[in-house]
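This report describes a single protein chain for a reader who has not seen it before. The sequence and the structure come first, followed by notes on selected parts.

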Amino acid sequence: MPLRPETIAIHAGNEHVAGEHPVIQPITLSTTFRHEAGALLYSRTENPNRRALEKVLAQLESGVEAACFSSGNAAGMAVFQALPAGSHVLAPDDMYHGLRLQLKNLFAGVLEVDFVDMCDLEAVRAAFRPETALVWVETPSNPLLKISDIAGISQLCKEKKVVLACDNTFASPIFQQPLLLGADLVMHSSTKFIGGHSDLTGGVVVSAEKSPLWEKIRTIQQVGGAVPSPFDCYFLTRSIKTLPYRMRAHAANAMLIARFLEDAPSISRVYYPGLESHPQHPLAARQMRAFGSMLSFLFEGDAQQTDAFIEGLQLFTNATSLGGVETLIERRAAVEGPDTKTPENLIRLSVGLEHPEDLIADLIQAITTIPLRIKN
């Protein structure tokens, strides 16, 4: 019978093992396994904990198979590596800078890349070339929370027989399922919401079908060896059991914070797809179950004033990453480096699971006292 995400999250990651029949699958640390019944199992190619993790993630994304990696960057890189040399890739003009750097630097001379506005279907259509092999979308995007029409771009890709991959990290499989909207591949940095506790790194690619490209990605995983440890797989599988409920609380808190910031002094603009003021709000409402916990906003001031505001917060941790139970904040341009196109006064916020009234009170005191801190 069809199962809902809450049930999949709890049960799909448990594989029954012989012996005392534990309710929770134990960690299997062995790097090698006895050859039995023709099976040649080695931990780089397969591990029981990784197998269980891949099973639950594939089911949550409504895919046929998943391949887990040691980081989100490794997962994204596996997709790019699987493309033939000389392939053309369309990527978003607003995307996670780590994967953007891969495409611009590591794959320079190997892949041809154009960065386009994925919110503009006509711009996407016009950017296709005969050698285009992959369209990579990221929705909601990092850090501007732009929303791409997955179904619309999928239709363009099907017309051109081009693979569509979607970075679904900001939404999580709980709030958005790109494969059901026509994508061929879904990628996550499982370091983020899937892990959810800021204590491990990981990545995953999920496929809608066992295509030749998928088999190449699987080969890259097993032969390249950028795989997660049994410990990381175990803790990711454990974290997934609470993922649906964590995501609901994240999204509820983020909506309250976004609405507060929209009317707060010293804040000129808020980027959150759950707000009616967001230009792609109707699209987000159609293709997402909820709007997630990521938002960005523009502080009225220069880089120094923006940094001073962040420094005045007590409950917001100034740190890179997202998706943990604690609220994280950062001036994004400072992290992305000198070639960033992100405004110097843009703040990215990963809203955690603290009580939202406490977070709002902290924002109020930081906004109120910033003139004194800048003067000092």
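Thr320 counts as partly exposed, because its relative accessibility is 49% and partly exposed covers the range between buried (under 20% relative accessible area) and exposed (over 50%), computed with a 1.4 Å probe on protein chains only. The model is a predicted one, in which local features need pLDDT of at least 70, side-chain atom pairs count only at pLDDT 80 or more, and totals for chains, interfaces and linings use all residues. Residues are numbered from 1 along each chain as its sequence is written, and side-chain values use heavy atoms, with hydrogens and water left out.

Thr320 sits in the loop that joins strand 10 (317-318) to strand 11 (328-331). Helices (H or I, at least four residues) and strands (E, at least two) are DSSP runs, numbered from the N terminus. Beyond the neighbours within four places in sequence, Thr320 is in contact (heavy atoms within 4.5 Å) with Glu330, Arg332 and Val335. With Glu330 there is also a polar contact between the two side chains, at 2.7 Å. A polar contact is a pair of N or O atoms within 3.5 Å; within protein, one must be able to donate a hydrogen and the other to accept it, and residues adjacent in sequence count only if both atoms are side-chain atoms.

The domain assignment, which is automatic or from a database, gives domain 1 (5-239) and domain 2 (243-369). Their centres, taken over C-alpha atoms, are 26 Å apart. In the contacts between them, 37 residues of domain 1 meet 37 residues of domain 2.

In soluble globular proteins, nonpolar side chains tend to be buried together. A nonpolar core is a set of buried Ala, Val, Leu, Ile, Met, Phe, Trp, Tyr and Cys residues joined through side-chain atoms within 4.5 Å. The largest has 84 residues, and Val135, Leu261, Leu295 and Phe309 have the most contacts inside it. Helix 10 (residues 243-262) gives the most to this core, with 9 residues. Domain 1 (5-239) and domain 2 (243-369) both give residues to this core, so it lies between them. Another core lies apart from it, with 27 residues, including Val79, Met95, Leu103 and Met187.

Gln287 belongs to helix 11 (residues 281-287). Its relative accessible area is 9%, so Gln287 is buried. A polar atom of the Gln287 side chain lies 3.3 Å from the backbone nitrogen of Ile150. Not counting residues up to four places away in sequence, Gln287 touches several residues, among them Thr139, Ile147, Phe175 and Leu181.

In helix 12 (residues 303-311), the buried residues are Ala303, Thr306, Ala308, Phe309 and Ile310. At the start of this helix, a side-chain oxygen of Asp302 comes within 3.2 Å of the backbone nitrogen of Gln304.

## Helix 14

Ile364 is part of helix 14 (residues 356-375). With a relative accessible area of 41%, Ile364 is partly exposed. Ile364 and Glu336 are 28 residues apart along the chain, and their C-alpha atoms are separated by 27 Å.
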